[in-house]
Protein chains: 2
Amino acid sequence: MDQKVLEEIRKIIPNDRILLQLQDRYSYSFDASFGEYLPDIVIQPEHAEEISRLVKLANRYLIPVYPRGAATSLSGGPLPVEGGMVLDMSRLNKKLIIDRENLLAIVSPGVITADIHRKAEEAGLFYPPDPSSSHVSTIGGNLLENSSGPRGLKYGTTKEYVIGLEVVTPTGDMIRTGGKTVKNVTGYDLTRLIVGSEGTLGIVTEAILRLIPKPQARGTLLAAFDRLVDSGHAITNILSSGILPAAMELMDNACMRAVENFQPCGLPLHAEALIIVEVDGHPIAVAEEISQCETLCLQMGATTIRVAQDERERQEIWKARKMVSPAITQMGPTKISEDATVPRSKIPDMMERLKQIREKYQLNLVVFGHAGDGNLHPNIITDKRNLAEMKRVEEAVSEIFKAAIELGGTLSGEHGIGTLKAPYMEMELGEIGLAMMKKIKQAWDPNNILNPGKIFPKPGQTKVVLTE
Amino acid sequence: MDQKVLEEIRKIIPNDRILLQLQDRYSYSFDASFGEYLPDIVIQPEHAEEISRLVKLANRYLIPVYPRGAATSLSGGPLPVEGGMVLDMSRLNKKLIIDRENLLAIVSPGVITADIHRKAEEAGLFYPPDPSSSHVSTIGGNLLENSSGPRGLKYGTTKEYVIGLEVVTPTGDMIRTGGKTVKNVTGYDLTRLIVGSEGTLGIVTEAILRLIPKPQARGTLLAAFDRLVDSGHAITNILSSGILPAAMELMDNACMRAVENFQPCGLPLHAEALIIVEVDGHPIAVAEEISQCETLCLQMGATTIRVAQDERERQEIWKARKMVSPAITQMGPTKISEDATVPRSKIPDMMERLKQIREKYQLNLVVFGHAGDGNLHPNIITDKRNLAEMKRVEEAVSEIFKAAIELGGTLSGEHGIGTLKAPYMEMELGEIGLAMMKKIKQAWDPNNILNPGKIFPKPGQTKVVLTE
């Protein structure tokens, strides 16, 4: 780090919140995705104003700036791929206000998402987005990646719950977007542009979230099917019956086996697929709907059905689902998580394509995900030291993306593009679509200071897993 | 119109879809807001490709382009304020596909919104956004203005239901944004940037809308209060009881009188305010919730309560609400419709401020609106030929905007900025916030071809109603 720059940084941030030692910087060199990149300096800001001054300085000296929440990103969101400055946002965690009258939460970016769930529920309210990592991930990271979890089907994505932001722009200015009203058409929707921009268009320093009344009751069932295709039909039939479940999750046989190896949950290992359906709302409606779902699953050939009789049994069903990610992590040293998303009706086709890819490349490919909204999570368990296998992984990942797009879907439903999917952007968006996005980035961040190396492919970049 | 340009236009569009006569052009010189501006030429395209070629030509010859749906805009959205070319989008109305399996509608921009409602409901589905004008307005206009109607409280705004677009960019390129999946984080959210951009960032040529299962039942009540403040408390208490109504509408005494004069509905004219509450969902839940709402209204001092016993009675209650706009139009030759929106808890304060403004400027100011989401519609009935009164109107409008912003609200909840609110943008957004929006416009539309004169104030522009 240049001494002159460092001196200027010290005028903004006290020494005990500036990390320069190799071991400290190393802790900030990775996330939950793939690859390691050492930053030159790590700073732990406590106020928006400090961030504003740091970004202005970064613009003056052309230093890359990488905001970082809890680093649970599966696409490389916070990775400091060009070195420079990491901003550890975890100390901006002081504000968590529930405004019951206006059904709002006002939060600092470093607040843990599960704490928002808890505080909202204490007030009889509900914040629906629930990424699997919500007990550790920060709301700031959730917003910038628009990571949403299982409730997208009924409740929409994270974006649908963000109505206002305080943001430090890529040139270090502070702006407020949106506000405290659900309806706001005063100019362009910068709120929704920044949410999901993966930290390339601004650093969120405060957010206003929309809450809804907490559903009075929940009903949950688990159904196992001998044939994957039957589980797909069960999902479709439930949706066309007029029921809109809060969640509809799918696990394949490989995921079940991984879970049972990791921590036995009594899953029916003979089954090819397992679905979890949860409905919520008025208690009478919930009871009626869950019974309808049970009937529909049986009609579609479910071999085992378990309906939760109380909250404990409900938690048990969800435990199996929540175990999937840690369980498959135990299967091998390297896990490549994708989240190719297809229109709901194409889930059986996508599952078939994934099966073909698994066989063609002889990989340990397991599939689970949010079947209700078409958001699948194919995971490849591998070992990055095995170069021959990694080459097959590279090709398999590429085929997964192609399959999703050919089926009318998208590269990423909620994990983000980051470093891992940048080379495939043009395949989905076309040259002009991608250029329209770049124009916004260039207009707002002419020096390419904010989270550089993300979303947009570098010229000639084609590989996503292998780094030559 | 320059002959050379006209000849080039004729290469793109046959003569019978090019309008040059004064009487034809005059028909396209106004909308439902304020002011008349004569375009140089009106074109009726039938395909996206024609629009793409026209916009490219407009960029070559620097001709302003004004897309126009049914021209029900209350903020001047389609007004050709700088002359040039109006694109009458009503012939792009061929596609209205309901994809039941994926809970989607795929629509052309010229389709009437009520036709989407009808077709969706025939398939057991539901498209929640419902602007008052939905029986005549086009979905293209609804999208570009993000106009939403009474169901924002429970179901969110129009934007929450648009997941994909086909768009002609300001430079005449065709792009697709988003897609058929609710979850999509592949790059920036251009869909939501273009929805609500008031036709300044692109012309929508096709849209993919998200549908939900049709609620099985609806319950509707009308409650009258002797004191406005009591109606405010009733609204707040219903919301904090855990009920999330599909709609919560408010009408002041002046609106009731206007309706009764126009078409008697038996409204309780002694009351200071009237609210309409509608809940929807499972029949048992609906019955229970509407009875709870009734109790809460009585506790808050409601003097009259009418609960709809069947669909006919429900329609009767809504008729009173839907009559408001036509009824007040009869009260005078000129109607200035605003839609200042405040956080829900500030509705009583805003109503008080509006009362003060009415008295201070001695104007015929009536108020109704979507109380559940804080979206009020103060309307001033006046006569644009009465210059003395119009000066008072100008000042009153300015004070309405100031009051909304001071109470933490916004200039516009759903009508858009257009020409009528442009001078107040900086008051809400600040200089930098506005500049960030301008940067996007400039990056995408360097020649300022698409709907120029909207959203962004001209240098020194301060008046909104008076045009000196």
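Helices (H or I, at least four residues) and strands (E, at least two) are DSSP runs, numbered from the N terminus. This is a predicted model: local features need pLDDT of at least 70, side-chain atom pairs count only at pLDDT 80 or more, and totals for chains, interfaces and linings use all residues. Residues are numbered from 1 along each chain as its sequence is written, chains are lettered from A and ligands numbered from 1 in the order in which they are written, and side-chain values use heavy atoms, with hydrogens and water left out.

View 1. Helix α8(A) covers residues 228-240, which makes 13 residues. From first C-alpha to last, α8(A) reaches 19 Å, close to the 18 Å expected at 1.5 Å a residue. That expected span is 1.5 Å times one less than the number of residues. Buried means under 20% relative accessible area, exposed over 50%, and partly exposed in between (1.4 Å probe, protein chains only). Among the buried residues of α8(A) are A:L228, A:G232, A:I235 and A:L239. A:D230, A:S231 and A:T236 are buried in α8(A) too. Which elements do the buried residues of α8(A) pack against? They pack against α6 (152-155), β12 (217-225), β13 (247-252), β14, α10 and α13 (347-361) of chain A. After α8(A) comes A:G242, with a positive phi near 100°.

**View 2. An open sheet of five strands in chain A.** The strand order is β5-β6-β10-β8-β9, and the pairing is antiparallel. Two strands pair if DSSP finds at least two bridges between them. β5 (96-99) and β9 (174-178) of chain A stand at the edges with a single partner strand each, so one side of each has no neighbour in the sheet. On average, neighbouring strands of this sheet are turned by 15° against each other, direction ignored. Inside the sheet, β6 (residues 104-107) and β10 (residues 203-210) of chain A run antiparallel and are joined by four bridges. Find A:A105: opposite it, in β10(A), stands A:L209. Helix α4 (residues 113-122) of chain A lies across β5, β6 and β10 of chain A, at about 35° to β5(A). Axes are lines fitted to C-alpha atoms, for helices over the stretch in contact; angles run from 0 to 180 degrees between N-to-C directions.

View 3. A:V168 belongs to strand β8 (residues 162-168) of chain A. Is A:V168 buried or exposed? A:V168 is buried, because its relative accessible area is 0%. Contact means heavy atoms within 4.5 Å. Not counting residues up to four places away in sequence, A:V168 touches several residues, including A:A48, A:I51, A:S52 and A:V55. A:D173, A:M174 and A:I203 are also among the residues that A:V168 touches. A:V55 is 113 residues away along the chain, but its C-alpha atom is 8.1 Å from that of A:V168.

**View 4. Strand β17 of chain A and its two partners.** Strand β17(A) spans residues 364-370, and six of its seven residues are buried. β13(A) runs antiparallel to β17(A), with three bridges between them. Here A:M251 stands opposite A:F368. Strand β18 (residues 375-382) of chain A also pairs with β17(A) in the antiparallel sense, over seven bridges. A:G369 has A:L376 as its bridge partner in β18(A). β17(A) and β18(A) form a hairpin with four residues between them. In the turn, A:G374 has a positive phi of about 75°.

**View 5. A:H282 and chain B.** A:H282 sits in the loop between β14 (273-281) and α10 (283-299) of chain A. A:H282 counts as buried because its relative accessibility is 7%. Leaving aside neighbours within four places in sequence, A:H282 is in contact with A:Q216, B:I284, B:A285 and B:E288. The side chains of A:H282 and B:E288 are joined by a polar contact of 2.7 Å. A polar contact is a pair of N or O atoms within 3.5 Å; within protein, one must be able to donate a hydrogen and the other to accept it, and residues adjacent in sequence count only if both atoms are side-chain atoms.

**View 6. Chain B laid on chain A.** The same surface serves both copies: 100% of the contact residues of chain B recur in chain A.

**View 7. Two leucines with positive phi.** A:L62 is not a glycine, yet its phi is positive, about 55°. A:L62 lies in the loop between α3 (48-61) and β3 (65-68) of chain A. A:L62 is exposed, with a relative accessible area of 55%. B:L103 is not a glycine either, and its phi is positive at about 50°. B:L103 lies in the loop between β5 (96-99) and β6 (104-107) of chain B. B:L103 is buried, with a relative accessible area of 4%.
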